Structure formats: structure tokens, C-alpha cells
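Me: Could you take a close look at one buried part of this structure with me, and then show me how other parts are put together? I am new to this, so please go step by step.

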Amino acid sequence: MKGAVIGGTGCQSFLPPGVRERIVQSRYGEVLLYEDDDIVYLLRHRLGHTVPPHLINYRAHIDALRIAGIRRIVAIYAVGSITESLKPGTAGVLGQFVDLAGNRENTFYSEPGQSFRHTPMDEPYSPTLSRTLIEEGKGRGLTLARDLTYVCTNGPRLETPAEIAMYRTLGCDVVGMTAGTETSLACEAGIEFAGIAYSINWAAGVGGSQVSFIQDHEIDHLTGALTNLARNTLLSI
Ligand code: HPA
């Protein structure tokens with residue numbers, strides 16, 4: 001069974017050589033996928049990182065993967081660290097999210113009169129896929145934190161220190177602008193889903209810091225390792 005990797009910031013450099021382009025016509029517009037015989041890749045922000053988080057056509061992305069026959073997704077997210085235990089330059093798997101991003105289409109049930117269901121969200125991220133990611137990571141010297149809670153903001157602006165202080169009191173470990181929407185839609189579509197978050201900065205005011213990002217070459221190194229990890233995990237399962 002084919003799986004898919006959704007890559008974010010920095011992942012475009014890590015498409016394996018020889019991937020083919022494929023345009024899928026979804027119910028919400030065209031989506032460009034990259035694929036080889038085993039895995040499908042989707043670049044969330046498109047080549048060159050030209051689409052900001054609040055303008056991504058998330059419904060088209062998930063619908064296109066569904067049409068391509070994908071039953072399993074590993075999604076990779078750049079985040080800011082709220083918890084001191086996830087230092088910038090390190091990564092972990094998501095366990096829960098808090099979705100505060102309102103200004104975007106975040107459900108497939110948006111037609112008046114359309115039949116719908118209330119999708120259960122007790123376990124938004126697949127425990128089996130998450131556990132396998134952690135195990136595969138161990139085998140490659142890549143330690144992944146577990147069970148992180150992601151708060152999804154609307155963006156594209158970063159947060160104020162007061163907002164981050166509030167998210168911390170809510171139990172959130174990391175902050176980003178995409179996972180809440182993407183995970184909700186994957187769950188509605190019934191696709192098994194896991195999320196890897198890698199920290200590229202301390203969130204605003206954490207440790208009294210100004211927001212400052214790790215260097216590009218560190219981001220490249222980490223996204224390369226995580227994209228390979230996602231691929232190999234999907235192939236092993
Ligand atoms: N805030 C929101 N999204 C982010 C951040 C951040 O600090 N870092 C990477 N994505």
C-alpha cells in the first residue's frame with residue numbers, strides 16, 4: 001500500500017531522485033504530487049515555499065491524496081518550542097493538537113444540506129504509526145520526543161509572548177500554523193495520520209528570548225533526516 005509524506009519548510013530539497021510529477025484533479029482544485037513506485041510526496045507550501053499557511057488549499061491536498069489511493073500519511077511540521085524540553089534543532093511526534101486557526105476551510109462538510117458526521121478526534125495521530133516512527137528513529141540515531149501537543153495558530157504572523165504564555169498554560173508544547181487543519185481533514189477522510197514536529201526556534205518569550213531561528217543548514221540536515229525517516233517508516237509498516 002502506498003503512503004504519503006507531506007513536507008513543509010525545507011522539505012523540497014529532499015525529494016528522492018527520479019520522482020515523477022503527477023497532477024491530481026481534486027474536488028477543490030489541482031494538486032501537484034511527486035511520486036516514485038513506493039511513496040507519494042506533497043509539498044505543503046509548494047516549490048519555493050510560496051504559499052503561506054493561511055492560504056494553503058488543505059482540502060485539495062487531502063482530497064488529492066485520497067484520490068491517489070493513500071491510506072497512510074506522515075506529515076512533517078516546522079514548529080516553535082514552547083516546552084523547554086524540546087530544544088530547537090530537535091524533533092518529536094505529535095499526540096494531540098489545539099486548533100485555534102479559524103480563517104480557513106477546515107472541513108469537507110461545508111455544503112448546506114450535505115450529510116455529515118462528527119469525526120471522533122480522541123486519537124488524532126495513529127499510535128502505531130507514531131510508535132514505528134520513534135522505533136525507526138532510534139535505529140538511525142534520531143531521538144524523537146513523544147506525545148507532543150501542537151497549538152495551531154492562524155498566522156502568518158508569529159505570536160506575542162503573552163499568547164505563548166497562554167498556550168503554555170493550556171498544555172501546549174509546540175506552536176505552528178498548519179497541523180490542526182491538515183490533521184482534522186485527514187481524520188475526516190479516514191486516512192491514518194502521524195505528525196512529526198521539528199523545532200526551528202524558541203517560541204516568543206520562551207526563556208526570555210527574542211524569537212530566533214536555527215540556521216538554514218541545520219534545518220536542511222534535520223528535514224533531510226526526517227523525510228528519510230518518514231519514507232522508511234511508511235515502507236516498513
Ligand atoms: N510560531 C508559529 N509557527 C512557527 C513557529 C513559531 O514560533 N516556528 C515555526 N513555525
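Reply: Let's begin with a term: helices are DSSP runs of H or I with at least four residues, strands are runs of E with at least two, and the numbering starts from the N terminus. Please keep in mind that this is a predicted model.

With that in hand, find Leu65 in helix α1, which covers residues 58-67. Is Leu65 buried or exposed? Buried means under 20% relative accessible area, so Leu65, at 0% relative accessibility, counts as buried. What does Leu65 touch, if we leave out residues up to four places away in sequence? Its contacts are Ala4, Ile6, Leu33, Val40, Leu42, Ile70 and Ile73. For a sense of scale, pick out Thr132, which is 67 residues from Leu65 along the chain; the C-alpha atoms of these two residues are separated by 22 Å.

Now let's turn to the ligand. Around it you will find Ala78, Val79, Gly80, Leu158, Glu159, Val175, Gly176, Met177, Ile200 and Asn201. By type, this shell divides into six nonpolar residues, three polar and one charged. Strands β5, β8 and β9 each supply at least two shell residues, and β5 gives the largest share, with three.

Next, look at nitrogen atoms of the ligand. One lies 3.2 Å from a backbone N or O atom of Gly80. Side chains take part too: an N or O atom of the Glu159 side chain is 2.8 Å from a ligand nitrogen, and for the Asn201 side chain the distance is 2.7 Å. On its own the ligand has 260 Å² of accessible area, and the protein covers 92% of that.

The structure holds five aromatic pairs.

Another pair, Tyr125 and Phe193, is tilted: the centres are 6.1 Å apart, with 35 degrees between the planes. Here, too, distant parts of the chain are linked, with Tyr125 in the loop between β6 and α2 and Phe193 in strand β9, 68 residues apart. Tyr125 and Phe193 are buried, and together with Phe97 they form one aromatic cluster.

How values were computed: Residues are numbered from 1 along each chain as its sequence is written. This is a predicted model: local features need pLDDT of at least 70, side-chain atom pairs count only at pLDDT 80 or more; totals for chains, interfaces and linings use all residues. Side-chain values use heavy atoms; hydrogens and water are left out. Rings of Phe, Tyr and Trp (its six-membered ring) pair if their centres lie within 6.5 Å; planes under 30 degrees apart count as stacked, over 60 as edge-to-face and the rest as tilted. Buried means under 20% relative accessible area, exposed over 50%, partly exposed in between (1.4 Å probe, protein chains only). Contact means heavy atoms within 4.5 Å. A residue is near a molecule or strand if one of its heavy atoms lies within 4 Å of it. A polar contact is a pair of N or O atoms within 3.5 Å; within protein, one must be able to donate a hydrogen and the other to accept it, and residues adjacent in sequence count only if both atoms are side-chain atoms. Accessible areas come from the Shrake-Rupley method with a 1.4 Å probe; for residues, only the protein chains shown count as cover. Ala, Val, Leu, Ile, Met, Phe, Trp, Tyr, Cys and Pro count as nonpolar, Asp, Glu, Lys and Arg as charged, and the others, Gly among them, as polar.
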